Amino acid sequence: MNYSINHKETEIFFTVELRNRRSTSIQVNRDRSVRVLAPKLSTKRAILQVVSEKADWILKKQGEFSQQPPAQAERRYLSGEKFGYLGRELELKLITGSAGVEIEGEKIVMTAPEYFSTEQRKKLFQNWYRKQSEEIFAERLDDCMKFVKTAGIRKKPEFSSRIMRRSWGSCTAKRQIHLNIELISAAVQCIDFVILHELCHLKEPNHSPRFYNLLEKVCPGWKTAKNELKKTGSMGIY
Ligand SMILES: [Zn+2]
C-alpha cells in the first residue's frame with residue numbers, strides 16, 4: 001500500500017507492509033524511500049499517526065542520505081582512495097603482484113596482477129575487509145563479554161559479520177548477533193558500543209528504560225560513542 005502524509009510542507013511518501021508483528025517500524029532507505037512495517041490488524045489511521053509522529057526523524061534521515069556521496073560507483077580500488085579502518089582513514093596503495101591485501105602503517109597495500117579488472121580488485125578488497133571485520137569483531141566481542149558478565153549475560157552469542165544496509169548491528173530472536181561489516185571503519189569504542197548494545201538485547205529485547213539502564217551500566221560512555229558513530233557513513237564498499 002502506498003500512502004503519503006504532509007509534514008512541514010513536505011510530502012512524505014511511504015509504502016506499508018502488514019506483517020505478523022507487534023509494533024510498527026519505519027525504515028528509511030538509502031534511496032530515501034520510506035517503508036513501514038505494521039502489525040496485520042493496524043488501521044490506516046493508526047499507521048498515519050505513527051508516521052506523523054516520526055515525520056521529523058524521517059526527514060532528518062532522508063536529509064542524511066541525500067548528503068552521502070554515491071560512493072560505490074566511484075570506487076575503482078586504485079592508489080590514493082581512502083578507506084575507513086578502526087576510526088582512521090587509510091590510503092590504498094595498489095601494486096602489481098599476486099593477489100593479497102595488508103596494512104602497512106597508514107596504508108592499505110593491495111597487491112593485484114596487472115590484468116585484474118576493477119571488479120576483481122573490488123572483490124579482493126571486499127574479501128579482505130570482511131575477513132578483517134570477522135577477526136576484529138570476534139576479538140571485541142570477547143572483550144565486551146567481560147563487561148556484561150556482572151549484568152548476568154554470560155553465554156557468548158554467535159555472531160556474524162554481514163552486509164547490512166540500515167543498521168550497524170542487530171540481535172535476533174535466536175540470540176544471534178549480526179554486525180555490519182563496514183562497522184570496522186569506526187573507532188574501537190564505537191564498535192564496542194554496538195556490540196554492547198546488542199548484548200544488552202539478550203536480556204532486554206526492547207529499547208525500554210530497563211534496556212537503557214543496563215546499557216548505561218555496561219557501557220557508561222555509550223552516548224559519546226553513539227554520536228561519534230553518526231559521523232561514520234557507509235564506505236560504499238558493498
Ligand atoms: Zn537496539
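1. Helices (H or I, at least four residues) and strands (E, at least two) are DSSP runs, numbered from the N terminus.

2. On the basis of the model: it is predicted, so local features need pLDDT of at least 70 and side-chain atom pairs count only at pLDDT 80 or more, while totals for chains, interfaces and linings use all residues. Residues are numbered from 1 along each chain as its sequence is written.

3. The buried residues of α4 are Arg121, Phe125, Tyr129, Ser133, Phe137, Arg140, Leu141, Cys144 and Val148. A residue is buried if 20 or more other C-beta atoms lie within 10 Å of its own, exposed if 12 or fewer, and partly exposed in between, with C-beta atoms placed from the backbone. The cover over these α4 residues includes β7 (100–104), β8, β9 (158–162), β11, α5 and α6.

4. For the protein chain overall, the secondary structure comes to seven helices and 11 strands. Its C-alpha atoms fill a box of roughly 60 × 45 × 30 Å along the principal axes. Of the 238 residues, 24% count as buried.

5. The domain assignment, whose bounds come from an automatic or database source, gives domain 1 (2–67) and domain 2 (74–230). Taken over C-alpha atoms, the centres of domain 1 and domain 2 are separated by 28 Å.

6. Four strands form an open sheet in the order β1-β2-β4-β3, with mixed pairing; two strands pair if DSSP finds at least two bridges between them. β1 (2–7) and β3 (25–28) stand at the edges with a single partner strand each, so one side of each has no neighbour in the sheet. On average, neighbouring strands of this sheet are turned by 30 degrees against each other, direction ignored.

7. β3 and β4 (residues 34–39) run antiparallel and are joined by four bridges. Val28 stands opposite Val34 in β4. Helix α1 (residues 44–53) packs on the sheet, where it touches β1, β2 (10–19), β3 and β4, and its direction makes about 45 degrees with that of β1. Here axes are lines fitted to C-alpha atoms, for helices over the stretch in contact, and angles run from 0 to 180 degrees between N-to-C directions. Contact means C-beta atoms, placed from the backbone, within 7 Å.

8. The largest nonpolar core has 35 residues, of which Leu183, Val194 and Leu196 touch the most other members. Such a core is a set of buried Ala, Val, Leu, Ile, Met, Phe, Trp, Tyr and Cys residues joined through C-beta atoms within 7 Å. At least two residues each come from β8 (107–112), α4 (118–148), β11 (176–180), α5 (188–201), α6 (209–218) and α7 (222–230). α5 gives the most, with eight residues. Leaving out residues up to four places away in sequence, Val194 touches Trp168, Gly169, Leu179 and Leu183. Another core, of eight residues, lies apart from this one and includes Val28, Ile47, Val51 and Ile58.

9. Two backbone angles deserve a look. Most residues other than glycine have a negative phi. Lys8, in the loop between β1 and β2, has a positive phi near 45 degrees. Glu9 lies in the loop between β1 and β2 and has a positive phi of about 65 degrees. Lys8 counts as exposed because it has 8 C-beta neighbours inside 10 Å; Glu9 counts as exposed with 5.

Terms used
Two residues are in contact if their C-beta atoms, placed from the backbone, lie within 7 Å.
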